[in-house]
Amino acid sequence: MTENPAGRPREPGSRWYDGEAGPMVRPYAMTGGRTRPGPDGVRFDLIALVTLDLAAPVPDDGTALGPEHRTLIDLCRPETQSVAELAADADLPVGVVRVLLGDLLELGCVTVSRPVPPAQLPDERILREVIEGLRAL
């Protein structure tokens with residue numbers, strides 16, 4: 001084994017392997033240089049829930065989906081997961097996962113349930129009054 005400029009061992013003939021870190025691929029290579037998901041600028045909150053759409057066929061031609069896309073599909077197959085969970089389980093940066101999920105959403109492979117904004121939640125005062133009214137019955 002040879003050493004890279006940082007003094008770490010590297011496999012012979014491999015520029016993209018670091019002995020301690022393993023294979024290295026830059027995030028922009030996984031997303032094709034994109035930093036935002038989809039053409040309509042869809043945003044994925046960390047707590048947004050991602051579900052695999054079992055009715056939609058997963059493209060199998062090898063050109064539409066990369067290995068990272070397939071990893072996300074495999075992670076969603078058994079159960080619904082949040083964006084943060086997917087990023088952690090896939091060992092990918094959240095920004096990359098958001099872009100890849102945008103691709104999967106456009107292809108119809110996944111559905112996303114976004115959290116309810118706090119402004120749309122019912123007022124706590126109203127809920128307390130309802131509870132008190134029910135107790136009075």
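**Helix packing around α4 in a predicted model**

Q: At roughly what angle do the axes of α2 and α4 cross?
A: In this predicted model, the axes of α2 and α4 come within 10 Å. Angles of 65 to 115 degrees count as roughly perpendicular, so α2 is roughly perpendicular to α4. The crossing angle is roughly 80°.

Q: Which residues of α4 make the contact with α2?
A: On the α2 side, the contact is made by E68, H69, L72 and I73. By class, the contact of α2 with α4 has six nonpolar, one polar and two charged residues. From α4, the residues are V97, L100, L101, D103 and L104.

Q: Does H69 count as buried or exposed?
A: H69 lies in helix α2, which spans residues 67-76. A residue is buried when its relative accessible area is under 20%. Because the relative accessibility of H69 is 5%, H69 counts as buried.

Q: With the side chain of which residue does the side chain of H69 make a polar contact?
A: H69 of α2 and D103 of α4 are among the residues that form the contact of these two helices. The side chains of this pair make a polar contact at 2.9 Å. The partner of H69 is D103.

Q: How far apart are the axes of helix α3 and helix α4?
A: Two packed helices are described by the angle between their axes and by the distance between the axes. Helix α3 covers residues 83-90 and helix α4 covers residues 94-107, and the two pack at an angle of about 110°. That angle makes α3 roughly perpendicular to α4. Their axes are 9 Å apart.

Q: Which residues of α3 make the contact with α4?
A: α3 passes α4 in a right-handed crossing. From α4, the contact is made by V94, V97, R98 and L101. By class, the contact of α3 with α4 has six nonpolar, no polar and one charged residues. The residues from α3 are V83, L86 and A87.

Q: What pattern does the protein chain follow when read along the sequence?
A: The protein chain has five helices and seven strands. Read along the sequence, these elements give β-β-β-β-α-β-α-β-α-α-β-α.

Q: What percentage of contacts between residues at least 6 apart in sequence join residues at least 24 apart?
A: The protein chain has 137 residues, of which 29% count as buried. Among contacts in this chain between residues at least 6 apart in sequence, the share that joins residues at least 24 apart is 61%.

Terms used. Residues are numbered from 1 along each chain as its sequence is written. This is a predicted model: local features need pLDDT of at least 70, side-chain atom pairs count only at pLDDT 80 or more; totals for chains, interfaces and linings use all residues. Side-chain values use heavy atoms; hydrogens and water are left out. Axes are lines fitted to C-alpha atoms, for helices over the stretch in contact, and angles run from 0 to 180 degrees between N-to-C directions. Helices (H or I, at least four residues) and strands (E, at least two) are DSSP runs, numbered from the N terminus. Angles under 35 degrees count as roughly parallel, over 145 as roughly antiparallel, 65 to 115 as roughly perpendicular and the rest as oblique. A crossing is left-handed if the near helix is turned anticlockwise from the far one by less than a right angle, and right-handed if clockwise. Contact means heavy atoms within 4.5 Å. Ala, Val, Leu, Ile, Met, Phe, Trp, Tyr, Cys and Pro count as nonpolar, Asp, Glu, Lys and Arg as charged, and the others, Gly among them, as polar. Buried means under 20% relative accessible area, exposed over 50%, partly exposed in between (1.4 Å probe, protein chains only). A polar contact is a pair of N or O atoms within 3.5 Å; within protein, one must be able to donate a hydrogen and the other to accept it, and residues adjacent in sequence count only if both atoms are side-chain atoms.
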